[in-house]
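Visitor: I would like to learn how to read the packing of helices, taking one case at a time. Could you take me through it with an example in view?

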Amino acid sequence: MSSPAAAKKVHIATFGCQMNRYDSDRLAELLAAHGYALAEDPASADLIILNTCSVREHAAQKVYSQLGALKSLKRRRPGLIIGVGGCLAQQEGARLLENVPHLDLVFGTDALEEVPALVDEAVRGRRRVHTPRPRRATLARTSVAGPGELKALVTVMQGCDNYCAYCVVPYVRGPERSRPAGEILEEVAARVEAGAREVTLLGQNVNSYRDPAGVDFPELLRRVAAVPGLWRVRFTTSHPKDLSPRLIETMAGEERVMEQLHLPAQAGSDRVLAAMRRGYTREQYLAKVRAFRRAMPQGALGGDIIVGFPGESEEDFAQTMRLLEEVRYDFLFSFKYSDRPHTVARHLKGKLSEEVKARRLQELQVRQRQITLAIHQALEGSVQEVLVEGPAKRGQGLMTGRSRAGRAVNFPGEELVGRLVMVRIEQGRVNSLLGRVVTDTTREV
Ligand code: SF4
């Protein structure tokens, strides 16, 4: 006989980065143990949680507009509980409850484990805010089971001590904290046991990883790659100033570590890099890029660029455009600068108009698409190892997966999900490669 509690449903909407996706999985697991099954459709849920991002103004606005859209649902079903977690919740705290009268619960980035109890209080009619300040000493034990998916995310460290001038992350995610290596290895092994073949290790700056026993990130990567049954390991994100030759060596030397590096530059001009407080010059950044390309010529290098930082001149921006030509990013995330709470940059003079920022962003993105297309076209005729994930979203009858370098590869085929196959690339497109399977190389687990 099922208990009444088991009939409850939670809908979790996740915004922002992969770390939030990981936290949402953990929330789903905690709430499942509390009698809440996952619901795809918010209209059928008893509890709706928005796991939010505040790293850019646009992301924060999206959360407010989603909350606005939930107002009529709450009016029709007053028993519905609505909660907000993640970075925006940590940043805004009680202000969110004041500004959104139909909201029941606000919880911070270090309060996941408390959420079931907070939901119970909300059900009893008590609106709650719980946003404890993340402390250096604590990193709540996270999931060891997780969903049985082919690709798993595992957080290895959280927080950031860098305080880049534009970034709210150190204020909402707190100081850097690393999980003990043993606990991470246990979690990876459990994920593999549940079906994972690829793991992505997450942290705001994985290069700063150091566990209480002194294990650093290259060593952790080596140990994770040795977990039996695991085929592929990726990680994100690396801060350029902390990217060590040892990490590059480990990546190149471990067959199960994929040749994909996300190395955000943020800008191409020394003047702007200094104002951003990034801790490296353009030339130091390029030296790391060259070291990666030398060690892994087949690898893919990704970046982040912010255009329109306060005071960015046309010449500064031209230097960023030239950086694109020198690095030739395989993939690039690019954004317009926006003021974030607490940050140094919000008080800087020389703010640029939306029009200038939009023009620069467009110019950058157009050029990057051309570069990516040229890189993908140059791969025509090559053979890529692909982990097959499932049917392609767009493309009738095609399957999709990722190459070692993290490129999306589509190809005709079926019943190959969860297998490693070799695909000959026939066409390079901007967002994907199109090819045909030449061999199934699935390894014994
Ligand atoms: S390194 Fe800089 S941009 Fe990255 S999370 Fe830390 S403060 Fe933010």
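Guide: Two packed helices are described by the angle between their axes and the distance between the axes. In this predicted model, helix H9 (residues 217-225) packs against helix H10 (residues 245-253) with axes 9 Å apart and an angle of about 15°. Because angles under 35 degrees count as roughly parallel, H9 is roughly parallel to H10.

Visitor: Which residues of H9 and H10 make the contact, and is the crossing left-handed or right-handed?

Guide: The crossing of H9 and H10 is left-handed. On the H9 side the contact is made by Phe217, Pro218, Leu221 and Arg222, and on the H10 side by Arg246, Leu247 and Thr250. Sorted by class, the residues of this contact of H9 with H10 comprise four nonpolar, one polar and two charged.

Visitor: How do the axes of H13 and H14 cross?

Guide: Helix H13 (residues 314-327) and helix H14 (residues 354-378) have axes that cross at roughly 10° and come within 10 Å, and the two helices are therefore roughly parallel to each other. Phe317, Met321 and Leu324 of H13 meet Arg360, Leu364, Arg367, Gln368 and Ile371 of H14 in the contact, which has five nonpolar, one polar and two charged residues.

Visitor: Turning to the ligand, which residues surround it, and how many of the shell are charged?

Guide: Around the ligand lie Cys160, Asn162, Tyr163, Cys164, Cys167, Val169, Pro170, Gln204, Asn205 and His239. By class, the shell around the ligand holds six nonpolar and four polar residues, with no charged ones.

Conventions
Residues are numbered from 1 along each chain as its sequence is written. This is a predicted model: local features need pLDDT of at least 70, side-chain atom pairs count only at pLDDT 80 or more; totals for chains, interfaces and linings use all residues. A residue is near a molecule or strand if its C-beta atom, placed from the backbone, lies within 6 Å of it. Ala, Val, Leu, Ile, Met, Phe, Trp, Tyr, Cys and Pro count as nonpolar, Asp, Glu, Lys and Arg as charged, and the others, Gly among them, as polar. Axes are lines fitted to C-alpha atoms, for helices over the stretch in contact, and angles run from 0 to 180 degrees between N-to-C directions. Helices (H or I, at least four residues) and strands (E, at least two) are DSSP runs, numbered from the N terminus. Angles under 35 degrees count as roughly parallel, over 145 as roughly antiparallel, 65 to 115 as roughly perpendicular and the rest as oblique. A crossing is left-handed if the near helix is turned anticlockwise from the far one by less than a right angle, and right-handed if clockwise. Two residues are in contact if their C-beta atoms, placed from the backbone, lie within 7 Å.
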